[in-house]
Amino acid sequence: MFLTTYGQELWYDKPASNWNEALPVGNGRIGAMLFGGTDIDKIQLNEETVWAGEPGNNIPNRVFPHIQKIRQLLFQGKNKEAQELAKVVFPRQAPKNLNYGMPYQTVGNLELDFGHKVISNYKRSLDLNNAVSQVSYVYDGVTYKRSYFISYPDQVMVVHLKASAPGKLSFGLQFNSKQDEQDLHVMSDRLILDCKTSSIDNKDGKVRFESIIKPVLKSGKLEKRNNGLYVQEADEVTLFVSIGTNFKNYKSLSNNAHDIALGHLNAVQNKTFSNLKETHIKDYQNLYDRVALKLGTNEKSEFDQFTTRERLDAFDGSDLDLVALYFQFGRYLLISSSRPGGQPANLQGIWNAELTPPWDSKYTVNINTEMNYWPAEVTNLSELHQPLFTMLKELAETGKESASKMYNASGWNMHHNTDLWRVTGVIDGGFYGMWPMGGAWLTQHIWQHYLYTGDQSFLEEYYSVLKGCAQFYADVLQEEPEHNWLVVAPSMSPENKYEDGVGISYGTTMDNQLVFDVFSNLIKASEILDKDEAFRQEVINKRKRLPPMQIGKHNQLQEWIKDWDRTDDHHRHISHLYGLHPSNQISPFRNPKLFQAAQNTLTYRGDKSTGWSMGWKVNFWARLLNGNRAYDLIKTQLHLVEDGTEEGGTYPNLLDAHPPFQIDGNFGCTAGIAEMLLQSQDEAIHLLPALPDAWATGTVKGLKTRGGFICDFEWKENQLETIRIKSQLGGVCRLRSKIQLVDQRGIALKEAQGTNDNPFFQNSKVSDPLMAKTVEISTPDLGPYYLYDIETVKGETLVLKAFK
Ligand code: FUC
């Protein structure tokens, strides 16, 4: 299968005039936004552990009696009073002795002062094939070229500068930071910035960080000027940027920022630029090259002649290469912001120019952090999921305090936000933050990682995190008065309200779905690992008593336990469709009425919204098997917005606009594109489940399914042509396809019968939620599907084709 790699470049004909035009590079730990200026070239720097504050949780004292009172009010139908009390107990602003999480903070700006004002032939680019950004232009008859990358193996940023004529490279190097506590100085050939992060609420800023900038010159000379450095008349310069912090882990700041920064710098300063670049590219391509996507038939893109900004501005759905570019950009961003051993990608990945960024650039876990990791498994970047798992292990420690102190429960829990210090209390007050479900959603990632990788030692390692989460819900579930269902109370359907100012409730649909999954995962994991029989039985019994999903008066999937939904509710969160995506409790094959109700809900909610909300809707429409609607949403999302625009879309640098910039929309849409091509819930691998008419021809390579199948396939005239599936774990490969498939020799495949024997596909078997009340609605016409079972051998590749 041949796939071209052309058109994998973002490029522009001008320097960035604002941050939303600058280009992101990163190695998971260090991030930079490149402006590519010719007069002054600004490089805005980040390091993933530069956060305000210090270790410590944010759990208030003596709130359990209030929680009980709120529960009581809710069960008495006094919802307004319950909401009022929640707002008093958990005020909108952090009380004096507490905090609502700390902001992620910028390191500072490195400025290269060239003074090249009148230039020509300018080009600025980011090549996704090698994660190297470049700037080139002509000034005064000399061509200037710069390359920038941040190496994961070598842990430094490298900028290489070159002029086409000898001795023509002269520029100043300045560094500035917004931090209050800073010390900028020159020490021989190095520019050094030492800072301490901010003190906020009840926390002192205790993260110390040091950045060292070191230019290595080929001819010319280096001197100190105005508390900066000056490169004079060099032929070529390699600039190293090394950053260290004192952060050791969420409990300890005992590392030495200076030693770390210096250690990385010393290790590279005698390596050549080309050697460093080679190592960087090899490491990067090991991840990036696993997946390739080509939509359409063009040999070379007719759109390549236009800048990325122009393509975005003109996007009407016909530039299929832009879709593929945007998809790969999402993978690029994950590789650049989430590496094993580091922090998970936060609301802005790792890229942030502020001391107090929007929503503190924290981890919002009522959708955003989860969305960041949706592409991890399906786009074959499983190991990049690891920082999230480590965070979960840590939250399972800190979250014991919120579980016991706030809810008198065992296990662990968290609410809708956390930060570097793994805080687990209510954040942003009783309206937004009264949602004790963060752990329930995040732990789904552990189970899903297991389903994709089959890694039993991983499951063993994280079992206690799953168990602690299940223990919390086993303890806190309350019997509601009407049906005696077991419900979480108090809680909410994230950030939405059913009455003016009132969102607090019990037994919301999303909560029920989440607890269902938490319990199901515990049941499965404890069986696989042969553990905790008694607790498993308790959980099985409690799972039976969860509220069913319900269809309401507008033929919608009900968001709340009561039928309070409005058809004109266009809220960005559509939390109750969690059961459709990412979960698999609503299925066209198992419960078509719920499936139809979910579709009605989504239709009422509308398309246009914040960036991440549109990203989620791409996934929803893909799960609703409607490729054309999913593509409509992609078109809505790939709508050019400028710095300061008040609507969701995509900035010129292809980063997602909530607005402002929030990276979840990028990851969500990337995952959505994969979901349109391949799905693996519902007991089978579904090839081309939601292909839009406009993507009539295409090739994809390397997407991954549950059960560890790596899928490459080609389609023409909207139909599958050839398929190659590499089995990484062995076992039954159950395939669902619209058209008849045969093996390589043209021999018929075995039709599937009954349930799928493959253990990684049986998750849905246990989940057949009841419906309490149903209304007659039409069920979608899915047409006939072929379903095949093929026995596979670990390591072998199946080759199949369309029957003609
Ligand atoms: C949730 C969303 C907002 C925003 C914030 C970071 O609270 O409702 O839209 O994305 O997270």
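Two strands count as paired if DSSP finds at least two bridges between them, and strands (E, at least two residues) and helices (H or I, at least four) are DSSP runs numbered from the N terminus. By that criterion, strand β4 (residues 40-47) and strand β5 (residues 108-113) run antiparallel and are joined by 6 bridges. This is a predicted model, in which local features need pLDDT of at least 70 and side-chain atom pairs count only at pLDDT 80 or more, while totals for chains, interfaces and linings use all residues. Residues are numbered from 1 along each chain as its sequence is written, and side-chain values use heavy atoms, with hydrogens and water left out.

**Sheet**

- Strands β4 and β5 belong to an open sheet of 7 strands, ordered β2-β3-β4-β5-β10-β15-β14 with antiparallel pairing.
- Because β2 (23-26) and β14 (221-225) stand at the edges with a single partner strand each, one side of each has no neighbour in the sheet.
- On average, neighbouring strands of this sheet are turned by 20° against each other, direction ignored, where the axes are lines fitted to C-alpha atoms.

- N380 lies in the loop between α8 (374-378) and α9 (386-407), and with a relative accessible area of 9% N380 is buried (buried means under 20%, exposed over 50%, partly exposed in between, with a 1.4 Å probe and protein chains only).
- Leaving aside residues up to four places away in sequence, N380 touches R290, V291, P375, G702, K704 and I710, a contact being heavy atoms within 4.5 Å.
- The side chain of N380 reaches the backbone oxygen of G702 at 2.8 Å.
- R331 is 49 residues from N380 in sequence, and their C-alpha atoms are 9.3 Å apart.

**Ligand site**

- The ligand is surrounded by L347, W359, T364, N366, N368, E495, R572, H573, W612, H658 and Q662, where a residue is near a molecule if one of its heavy atoms lies within 4 Å of it.
- Oxygen atoms of the ligand lie 2.6 Å from a side-chain N or O atom of H573, 2.9 Å from a polar side-chain atom of Q662 and 3.1 Å from a side-chain N or O atom of N368.

**Cysteines**

- A search of the whole structure finds 0 disulfides, a disulfide being a pair of cysteine sulfur atoms within 2.5 Å.
- The sulfur of C733 has its closest cysteine sulfur in C711, at 6.7 Å, which is too far for a bond.
- C733 is buried at a relative accessible area of 0%, and C195 also counts as buried, at 3%.

Conventions:
Polar contact = N/O pair within 3.5 Å; in protein donor to acceptor, adjacent residues only side chain to side chain. Axes fitted to C-alpha atoms, helices over the stretch in contact; angles between N-to-C directions.
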